[in-house]
Amino acid sequence: MEELTIRPVPRLKGDLVLPGDKSISHRAVMIGAIAKGKTIAKDILDCDDCNYTIRAFADMGIVIKKESRYTTIEGKGLRGLARPKASLNVGNSGTSMRLLAGILAGQDFSATLEGDESLSARPMKRISEPLALMGVSVNTRDGHPPLEIRGGNVKAVDYVLPIPSAQIKSALLFAGLYAAGVTTVRESSKSRDHTERMLEYFGADIKVEGLNVSVKGGRELAGRELEVPGDISSASFFMAGAILLDGSKVRIKNVSINPTRAGVLDILTKMGAKIKIVNKTGLFEPAGDIEVESGPLRGVSIGEGEIPAAIDELPIIFVLASLAKGRTVIKGAGELRVKETDRIRSMKENLEAMGARIRVSADEMIIEGVDALKGAGIKTYGDHRTCMAMTVAALTAKGASKIDDPQCVNKSFPQFFSVLEGLK
Ligand code: S3P
C-alpha cells in the first residue's frame with residue numbers, strides 16, 4: 001500500500017455534493033431485490049461495501065443495472081432469490097453480512113456468507129442467537145463468520161435487543177417478513193431506522209411504537225422509485241475540518257439528516273459549533289443542506305443514549321474533542337471496539353502520537369483538549385473511518401503526517417481525498 005503525506009492547510013471553503021448514504025444504499029438494493037417488480041434508485045453509493053451487496057444479489061439471480069446515477073433492481077419477490085452456486089463473499093462489509101443473514105433466513109435454501117480477515121473476527125452471535133429463536137439455523141465459527149444459514153420456516157419472535165444495533169434489528173425485521181405472525185424488536189436506545197422507513201415505503205405491514213418495531217410477515221413488497229441522500233458520516237469529516245480550521249466555510253448539499261442517524265449534529269452543536277440546516281427535503285428519509293463554519297469548541301459530556309445515533313462519527317468526534325477547550329467525557333462507546341477495527345484503540349494511539357490527551361477506563365473515554373496537534377505517522381489498521389478522521393486531524397496539525405493505507409477509504413468513500421482537494 002502506498003503511503004500518503006498530509007500537510008496542514010489554512011482553511012476549507014466551498015460547496016459539496018457527497019455520494020449517497022451507505023446504510024440507505026445497502027437497504028435499497030436488498031429491499032429492491034426482495035420486492036416484486038422494478039426498483040429504480042438514484043445515487044446509490046458506489047463503494048466496495050455496497051458493491052459486495054450488489055454482487056451477492058446478482059449471485060442469487062437478481063438483475064441489477066447501473067446507468068449514470070440510476071440503479072435498476074429487478075425484484076423477484078420475497079421468495080424469488082435463487083440458491084447461490086458458491087459462498088457469498090461480502091468482503092469487509094458487516095452491514096451486508098448481518099442484514100443478508102435476515103433475508104437468507106427466509107429462503108428455502110442453504111447459503112454461506114463469508115468475509116475478509118477483519119470481518120471474520122467480528123461478532124456474529126448477536127445475529128445467530130435471535131435467528132435461532134426464530135427457528136433458523138445459523139452455524140458460525142465460534143460466533144464469527146462464515147455464517148451457514150439454513151433458511152426456511154421462520155417463526156415470529158418478540159425480542160429485546162441486548163445492545164442498540166441497527167444491523168441486528170434489521171436482520172430480525174427482514175426475517176420477520178417471512179414469519180407467520182408479528183415479529184417485534186425492542187431497543188433501549190433508538191438505532192438508525194432506515195430499514196423501518198424503507199420497508200414501510202415498499203409496502204410492508206410495519207408499525208413503530210417508540211423504541212419498538214413490529215412487522216407482520218407474509219405480505220409481498222412492491223418495487224418503488226427512490227433517491228438516496230448524501231451520507232452524513234462522510235459529511236462529518238468535512239464539517240469537522242471546517243470547524244477546526246479558522247476562516248473555513250463549507251456547505252454540504254442534500255445530506256441525510258435522519259435524527260436516528262445525525263446525532264453528530266446535536267453533539268457538535270452542544271460543543272458550540274456553528275452549524276445550520278437549510279433546504280430541508282426528503283420523501284421517507286429527511287435530508288437537507290448543512291452549512292458549517294469555523295469556531296471554537298468546548299468539551300462536553302456524551303452519554304450512552306447519544307451513542308447509537310452517532311456511532312460511526314465517534315472517531316471524528318474524538319478529533320474534535322482533542323482540540324476543544326476543556327474536557328470531553330464519552331460514556332457507553334464500547335461497541336467501537338468491534339467495528340472494522342477497535343476504534344477506541346486505533347484513535348487513541350494515533351491521536352496520542354499527535355499530542356492529544358486521552359484516557360480510557362472500561363468503556364468511558366476522557367479527552368482533555370489541547371491547543372494544537374503535531375504531525376505524525378498514522379496507522380489506519382485498514383479502517384476507513386480511522387483513516388478519514390485522522391486525515392482531518394492531520395490537516396490541522398503542526399507539520400506533515402503520513403498515512404499508511406489511504407486506499408482503505410474505498411470501503412465507503414472512494415472520492416474522499418479528491419473531494420478534500422477541492423475544498424483546500
Ligand atoms: C449500520 C449500523 C451500525 C453502523 C454501521 C452501519 C447499518 O452498526 O456502525 O456502520 O447500516 O445498519 P451496528 O448496528 O452494529 O451498531
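This is a short tour of the structure in your viewer, one selection at a time.

Keep in mind that the model is predicted: local features need pLDDT of at least 70, side-chain atom pairs count only at pLDDT 80 or more, and totals for chains, interfaces and linings use all residues. Residues are numbered from 1 along each chain as its sequence is written, and side-chain values use heavy atoms, with hydrogens and water left out.

**Stop 1: the whole chain.** Show the cartoon: the chain has 12 helices and 23 strands (DSSP runs numbered from the N terminus, helices being H or I with at least four residues and strands E with at least two). The radius of gyration is 21 Å, close to the 22 Å that the globule rule gives for 424 residues, so the chain is as compact as a globular protein of that length. (That radius is taken over C-alpha atoms, and the rule is 2.2 Å times the number of residues to the power 0.38.) Along its principal axes, the C-alpha trace spans about 60 × 45 × 45 Å.

**Stop 2: two domains.** Colour 4-20 + 229-423 as domain 1 and 22-215 as domain 2; these bounds come from an automatic or database domain assignment. Their C-alpha centres lie 28 Å apart. The contact (heavy atoms within 4.5 Å) takes 28 residues from domain 1 and 27 residues from domain 2.

**Stop 3: the interface.** About 2,200 Å² is buried between domain 1 and domain 2, with carbon and sulfur atoms giving 51% of that. (Buried area is the accessible area, with a 1.4 Å probe, that two parts lose on being put together, summed over both.) Now pick Thr260, Phe284 and Lys411: in domain 1 they lose the most area to domain 2, together 28% of what that side buries.

**Stop 4: salt bridges.** Here we want a side-chain nitrogen of Lys or Arg within 4 Å of a carboxyl oxygen of Asp or Glu. How many salt bridges are there between domain 1 and domain 2? The count is 3. Next, select Asp312 and Arg192, a salt bridge whose closest N and O atoms are 3.1 Å apart.

Searching the whole structure gives 30 salt bridges. One to zoom in on is Glu335 with Arg126, where the closest N and O atoms are 2.9 Å apart. This pair links distant parts of the chain, 209 residues apart: Glu335 sits in the loop between strand 19 (327-330) and helix 10 (343-353), while Arg126 is in helix 4 (residues 125-133).

Stop 5: Go to Pro145 and Pro146, which are joined by a cis peptide bond with omega about 0 degrees. Pro146 lies in strand 9 (residues 144-150). Finally, jump to Asn254 in strand 15 (residues 249-256). Phi of Asn254 is near 50 degrees, a positive value in a residue other than glycine.
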